[in-house]
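Good morning, and thank you for making time for this presentation.

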Amino acid sequence: MFELIFFTSSRIKMQNARHICRNYDITIRNFNEITSLANYKEPRLYNRRKLLEMSFQSALSQLKKSKLGAVKPFLIEDTSVDIHALSRKYNYEYPGLDVKYWMENANFIDIDLELDLLGNDRSVTVRSDLVLYLPEVRGEPFYFVGKTEGSFTIKEYDFESNIIYPWLDNKTFNKWFVPVNVSTVLSMLPIEKADLYDFRKKAFEEMFKVLDRYKLLKEKSKITNSLSKTGSLVDNINCHIIYGLSCSGKTTIATYLINKFDFLHIEASDFMHVIYWQHHGLGSDIAIGAFAREILKTSPFLVAEKVLEYISSFGDENIVITGFRLVEEVEFIEQNLSGKYKSKRVLVTANSQLRLNRKNQRNRPIDSINEEGLQERDERELEMGVAKLIHEKAKAVEISNESSLNDLYTNYESKLALTGQGLQTRQKHSNFEKLSLKELIILVLYVARGDAEKSEFFTTTQVTEMINNNGISKPKHVTNVGRFFKMNRSELFEIAVINKIRKYRLSNTGVGFAKLILRKFEFPH
């Protein structure tokens, strides 16, 4: 897979770029999120060529300072707008390269009146300039341009930003830009039509031609088959895919499989949270449940692909996956693990009153972004795809969870033929100095979490103190811990903004990872 570093502070540009590249084996990573350095310095100039050259040199300098090294391909994008009548009035491209800052104070009524007074010429050109650095090809960057013609809207629309495609928003110039031969603004178009007029997409398509010329472009296959043909020292490793309605006992079973049978737990919802953060950032007022429902309609394999990538980073591990909502996700995993894993579907059931009692006993709302009742959650999940999974119960092992935990575990072991299997004996050490910062962070959060389903959130200062309280010879600094979380906004952690301060705790997938660490490490007595 070809990897590109994108120098940008704009979350919506990142998502736009990933969408444009979705059909190719291209991974786009944000420089600021994978290094401790800031993005490039973007000068406020009206000379396009000079601005792009200075931006490129600044990005190259930051790349050389980072641990990534100067041989990494990277790209920069700059968007500009030319409102033709206003450009003629002011004798320069207006608002031009300054559009991002201009939009902070621009008012539709004022622009509308000014254009009307100038003869009502509303023609507009939106332009995207893309700078690509391919150090293994040549030292000088490649430049690409994409343009879309259109007009400034004759009326202002009241609408919400697109929940899946955040560049189709109600904040940037896209909310006022009507592409040629279209009757409404770009931000309100369905994605299939918006793609046709995407100025960035036009620049990226020119970039694709260069990547193809140097044999760096490859189309992405629909099914990766990344694990299906790999050899294994273990025949038929277990992969249990557990699903059911909320509070039916999925995580309870997964925890039991971790503790007794050495399974690695993967919670699909943790990967959905990362995708949500990438689209909307932290603290968004868009409910993650609504986002998940919509994005799985358009990209049913999106979460399953992330889960498969995570699985492939480990060796031979018994795996339990919870949190899938779609038949397509389950089939994707089964198909890609065939030949190495013995996959089994497990449907966990419990009546609504029992599930409601369990919900009320938890120390958090079910949905961390927007609390909803059990019935509302059931309706949403059933509508998302769980209903179809339940309907295919003939393909699953059904486990009832309406009695004691002991009965649940005994029934599960019997039906899944796990009796007799157990933890492998491993030699462990108790030396904190041998653990990486990542392992230390995960372990102290695991201890703070205990065996409860959820724990409180912790600041980076608190996490640092918990690490250093273990008497390591070289105490960790809070700056390094903060940098770790900034560069590792992953499925292993949950993040909350409390009183404008970011706090962290382990996700269910993070707890599963902690168990892997504890196979080689035990706390000294």
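**Threonine 322 and its surroundings**

I begin with threonine 322, which, leaving aside its neighbours within four places in sequence, is in contact with Ile242, Lys250, Ala254, His265, Ile266, Glu267 and Ala268; contact means heavy atoms within 4.5 Å. Before I continue, two remarks on the source: this is a predicted model, in which local features need pLDDT of at least 70 and side-chain atom pairs count only at pLDDT 80 or more, while totals for chains, interfaces and linings use all residues. Residues are numbered from 1 along each chain as its sequence is written, and side-chain values use heavy atoms, with hydrogens and water left out.

Is threonine 322 buried or exposed? At 1% relative accessibility, threonine 322 counts as buried; the term means under 20% relative accessible area, whereas exposed means over 50% and partly exposed lies in between, with a 1.4 Å probe and protein chains only. The side chain of threonine 322 makes polar contacts with two side chains, that of histidine 265 at 2.9 Å and that of glutamate 267 at 2.5 Å. A polar contact is a pair of N or O atoms within 3.5 Å; within protein, one must be able to donate a hydrogen and the other to accept it, and residues adjacent in sequence count only if both atoms are side-chain atoms.

Threonine 322 is found in strand β10. Helices (H or I, at least four residues) and strands (E, at least two) are DSSP runs, numbered from the N terminus. In β10, threonine 322 is the bridge partner of isoleucine 242, and β10 (residues 319–322) runs parallel to β8, joined by four bridges.

Let me now turn to the sheet. Five strands make up an open, parallel sheet in the order β9-β10-β8-β11-β12; two strands pair if DSSP finds at least two bridges between them. β9 (264–267) and β12 stand at the edges with a single partner strand each, so one side of each has no neighbour in the sheet. From one strand to the next, the twist averages 25°. Across β9 and β10 lies helix α10 (residues 268–280), at about 45° to β9. Axes are lines fitted to C-alpha atoms, for helices over the stretch in contact, and angles run from 0 to 180 degrees between N-to-C directions.

Next comes helix α16. Which residues of α16 (residues 405–415) are buried? They are Leu408, Tyr409, Tyr412 and Glu413. These residues cover an arc of only 125° around the axis, which puts them on the same side of α16; the arc is that of the directions from the helix axis to the C-beta atoms. The buried residues pack against β8 (237–243), α9 (250–261), β11 (341–349) and β12 (396–400). On the face turned away from the buried side, α16 carries the exposed residues Asn406 and Ser414.

I close with some backbone details. The peptide bond from tyrosine 94 to proline 95 is cis, with omega near -5°. Asparagine 91, in the loop between α4 (84–90) and β4, has a positive phi of about 65° although it is not a glycine. Cysteine 247 lies in the loop between β8 and α9, and its phi is also positive, near 65°. Asparagine 91 counts as exposed at 70% relative accessibility, whereas cysteine 247 is buried, with a relative accessible area of 4%.
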